[in-house]
Amino acid sequence: MRAVQLTAANALEIAETPDPVPGPGEVLVELRAAALNHRDHWISTGQYANVKYPCIPGSDGAGVVTVAGVGADPNWIGREVIIDPAFDWGPDPKAQSDKFTILGLPRQGTLAQKVCVPALQLADKPPGLSWAEAAAVPLAALTAWRALISRGGFSPLDRVLVSGIGGGVALFALQFAAAHEAEVWVTSSSEDKISLAVSHGARGGFLYTQPGWAKDAVRKTGGFDLIIDGAGGPGFNDLIDSTAPGGRIVFYGATRGNTPELALRKVFWRQLTLLGTTMGGPADWLAMTEFMAKTAIKPVVSEVFPFERASEAFELMGRGGQFGKIVLQISEANR
């Protein structure tokens, strides 16, 4: 089969690799489309822990089950599916186990024509979605659901802020909250991205590059009950300043690094709650996929690249120019 293979940091190629063979309890999925995440960019540049080359990255994929291994339910064969990329979460819904891994490292990932995964990781492709849209769902929607609902304790009465709009997780958080008719605001470094967010249900937004934006946000909105953030870094204290008393900040990433100096006095004096989260467990996956099917939410796809132009897709992810998910269309390579 053909696959996106990394042979070293910053060394990406489309290579011929052996077809995977499903083990006990596993199925073989012929992929129609796969989507990129920041994780794939970090793996490709050697910035992710415990990378071993060569490897096939990719956590997001949608396709058709063609083979069921020993012990796997044969009824999956022929079904259109998406893949839960959170493996071995464990029995505790509060946090993942020490065996937890994410599809795409160390297990070979979805940026290939075929992938083998445990049948327990499958869900039916949400109705009404194209292959590209379906591939955009798994990692970002799962992460957003847990951040907003399971960890954030979201209520439709909350005034919500989603920071750094444009990435997949942020957009799903916006869409999930807006689907509950909550008041949602966003931040970005781009006026164009704020305008696009408004077209997807946001009330408005703030340029985090402008000094004093947090004070302006509080004057305009009264402050936020729930903030969803994936950046961290020096700007995290601005999020604290924009939170209403008793509010919650849920952070699922740190793309801008650690916060140099956390404003702890503001956190305890204003009764704020800081909540970390990553990915999601089986209960989150089930609730998210059921909600997607019920509400017919359409994932935001920024751009679809042919499989052969995978390097361009990685370049776009690296410079952060997308609004929505970046997808590789693999079905053409299957012909």
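Q: What do the buried residues of α6 pack against?
A: In this predicted model, the buried residues of α6 pack against the strands β10 (159–162), β11 (183–188), β12 (204–207) and β13 (224–229), and also against the helix α7 (236–242).

Q: And which residues of α6 are the buried ones?
A: Helix α6 covers residues 213–221, and its buried residues are Trp213, Ala214, Ala217 and Thr221. Seen down the axis of α6, these residues fall within an arc of 100°, so they line one face of the helix.

Q: Why would residues a few places apart point the same way?
A: An α-helix has 3.6 residues a turn, so residues three or four places apart point the same way.

Q: What's exposed on the other side of α6?
A: Lys215 and Arg219 are exposed there.

Q: What follows α6?
A: The helix is followed by Gly222, which has a positive phi, near 90°.

Q: How much of the chain is buried?
A: Buried residues make up 54% of the 335 residues, while the accessible surface of the chain comes to about 14400 Å², with 52% of that belonging to carbon and sulfur atoms.

Q: What about charges, how many positive and negative side chains?
A: There are 29 positive and 33 negative side chains, and the centres of the two sets lie 5 Å apart.

Methods: Residues are numbered from 1 along each chain as its sequence is written. This is a predicted model: local features need pLDDT of at least 70, side-chain atom pairs count only at pLDDT 80 or more; totals for chains, interfaces and linings use all residues. Side-chain values use heavy atoms; hydrogens and water are left out. Buried means under 20% relative accessible area, exposed over 50%, partly exposed in between (1.4 Å probe, protein chains only). Accessible areas come from the Shrake-Rupley method with a 1.4 Å probe; for residues, only the protein chains shown count as cover. Lys and Arg count as positive and Asp and Glu as negative; His and the chain ends are not counted. The place of a charge is taken as NZ of Lys, CZ of Arg, CG of Asp or CD of Glu. Helices (H or I, at least four residues) and strands (E, at least two) are DSSP runs, numbered from the N terminus. The arc is that of the directions from the helix axis to the C-beta atoms. Contact means heavy atoms within 4.5 Å.
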